[in-house]
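I kept this notebook open while looking through a protein chain. Come along and check each entry against the picture.

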Amino acid sequence: MVAQYYLGKIAHHELKGEIPDELKYLNELESLVLQYTPSFGGSFPSSIRSLTKLHNLSLEHCLLSGELPAWIGELTDMTGLGLGGNKFEGRIPDSLTDLSNLKALGLDDNAFKGELEIFKALTNLEYLYLNRNEFEGKLFPFLFEKWTQLIELDLGGNQISGYIPNEAFSHDKLKVLDLHGNRFTGPVPNVNVELNDNLEHVALHENELTGEIPSTISFLARLTHLDVSDNILEGTLPNAIGNMMNLRYLFVGGNDLDIADYLPLFITEMEALEGLSLANTGLIGPLPEEIGLLSNLSYLDLSNNQLSGMIPENFGLLTSLRYLLLRENRLSEPLPDSFSGLADLELLLLDGNDMTGDMDVVCSSSSRDNLLTFASDCGGEDAPVQCSCCTVCCNDEDSDCEKVAWEGSMDPKVEYDYKRGGGGSFVHGMLSDGGSL
């Protein structure tokens, strides 16, 4: 008897054509994993309909297309269904609600449409990934009352609107809440100190949230990742954030925060920080030397502000830095010699400043081996900066540099520092014996 069948990450040239129809004869199969085989293509394989004993099905990144068949609701034993990274489209069939045993559902990176209420009957869900689709409507409070077992919820990159319900922050098991890239409005919910001590990852960026960041956010004592950047938030950064000793990623850039004249002192005391973004917040004045004390920083984005003066020498102490974005400020003087010690730098953006001199302190250092993108104002005949290793040279007349929407990192640890499925792959509960893929 064949209980499991796994063809994950097979070389593309080894398997061609559609998923074989002969699969239907494996009617004792309990787990079927055909991940990362884009040479398959075609529609959802009809042969799977015969596999009524399936507990786990993963067809991720197989270039499958079309709509989900209505008969998928017949596979009522399934606890894990992963269809991410394909080209599926259309509405979710009503029969999906018959899969009441589902604990993990991954439909991410497709073109599914519809509203979230279709999933309300799946009351055993622990992991729900619907990110990067075309879902719309609202995230109603009653959904969290239905999803009592939910641990990770990713709805990022859809068209969901309305207020974020308080229930999202008071769920007693939820650890990951990713709602970024939608159309949410209204305030960031207040947190009741007695209701949630499990949330670790909250991503609300790229919405239309208004009001102030509530000081009660600090009640989320286990939070490691907070991203509220690129909203319409105002007011100050609450000092209470400084009490969040587990916080490793703090992204608040792209809001109308009242921090223009100073960098909140508590930030320079958050020694656990690995990622910090205060981009486009109107910061004025010199770069605070205290940032050089945040020895765990791997990502620092202070771009699009009005910071001036020389980059502090003690920035060379940030030896874990991989991504440093200081573009579009008023920084001057050459780079400090201490930059020669930043051996792990992969991205360095210094363009759009008033800096002068050469950048050979970077070009001649060991960091050059890892540096994939280095931009400075080294373009044109009378460039104020000389750089022998820059990958991008900008000048005042070069509009192309201004149009580039630089991204500091595509590292999944920055976006998914909860290590979802080992780099974004759907694996939760995919083997009934508890093994890993």
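**Before I start**

I am working with a predicted model, in which local features need pLDDT of at least 70 and side-chain atom pairs count only at pLDDT 80 or more, while totals for chains, interfaces and linings use all residues. I number residues from 1 along each chain as its sequence is written, and my side-chain values use heavy atoms, with hydrogens and water left out.

**Entry 1: a sheet**

I looked up strands, which are DSSP runs of E with at least two residues, numbered from the N terminus. Two of them pair if DSSP finds at least two bridges between them. As a reminder to myself, strands of a sheet pair through backbone hydrogen bonds, either parallel or antiparallel.

I found an open sheet of three strands in the order β22-β24-β26, and its pairing is parallel. Which strands stand at the edges? They are β22 (284-286) and β26 (330-331); each has a single partner strand, so one side of each is left without a neighbour in the sheet. I then followed β22 to β24 (residues 306-309) and noted three bridges in the parallel sense. For P286, the bridge partner in β24 is S308.

**Entry 2: salt bridges**

I counted a salt bridge wherever a side-chain nitrogen of Lys or Arg lies within 4 Å of a carboxyl oxygen of Asp or Glu. The structure holds seven of them.

One of the salt bridges joins the side chains of E28 and K53, at 2.8 Å from N to O. I traced E28 to the loop between β1 (4-6) and β2 (31-33), and K53 to the loop between β2 and β3 (56-58); the pair links distant parts of the chain, 25 residues apart.

Next I checked accessibility, where buried means under 20% relative accessible area, exposed means over 50%, and partly exposed is in between (1.4 Å probe, protein chains only). E28 is partly exposed at 30%, and K53 is partly exposed at 37%.

Then I turned to R327, whose side chain meets that of D351 in a salt bridge of 2.7 Å, N to O. R327 lies in the loop between β25 (323-325) and β26, and D351 in the loop between β27 (347-349) and β28 (357-358), so the pair ties together parts that are 24 residues apart in sequence. Both R327 and D351 are buried. Salt bridges that share partners join R327, E328 and D351 into one network. Between R327 and E328, the closest N and O atoms are 4.0 Å apart. R327 has a relative accessible area of 6%, whereas E328 is partly exposed at 27%.

**Entry 3: aromatic rings**

I paired rings of Phe, Tyr and Trp (its six-membered ring) if their centres lie within 6.5 Å; planes under 30 degrees apart are stacked, over 60 edge-to-face, and the rest tilted. How many aromatic pairs does the structure hold? I noted nine.

The ring centres of F44 and F88 are 6.1 Å apart and the planes stand at 45 degrees, so this pair is tilted. F44 lies in the loop between β2 and β3 and F88 in strand β6 (residues 87-91), so the pair ties together parts that are 44 residues apart in sequence. F44 and F88 are both buried.

For F119 and F135, the centres are 5.8 Å apart and the planes at 75 degrees, so I wrote down edge-to-face.

How values were computed. Helices (H or I, at least four residues) and strands (E, at least two) are DSSP runs, numbered from the N terminus.
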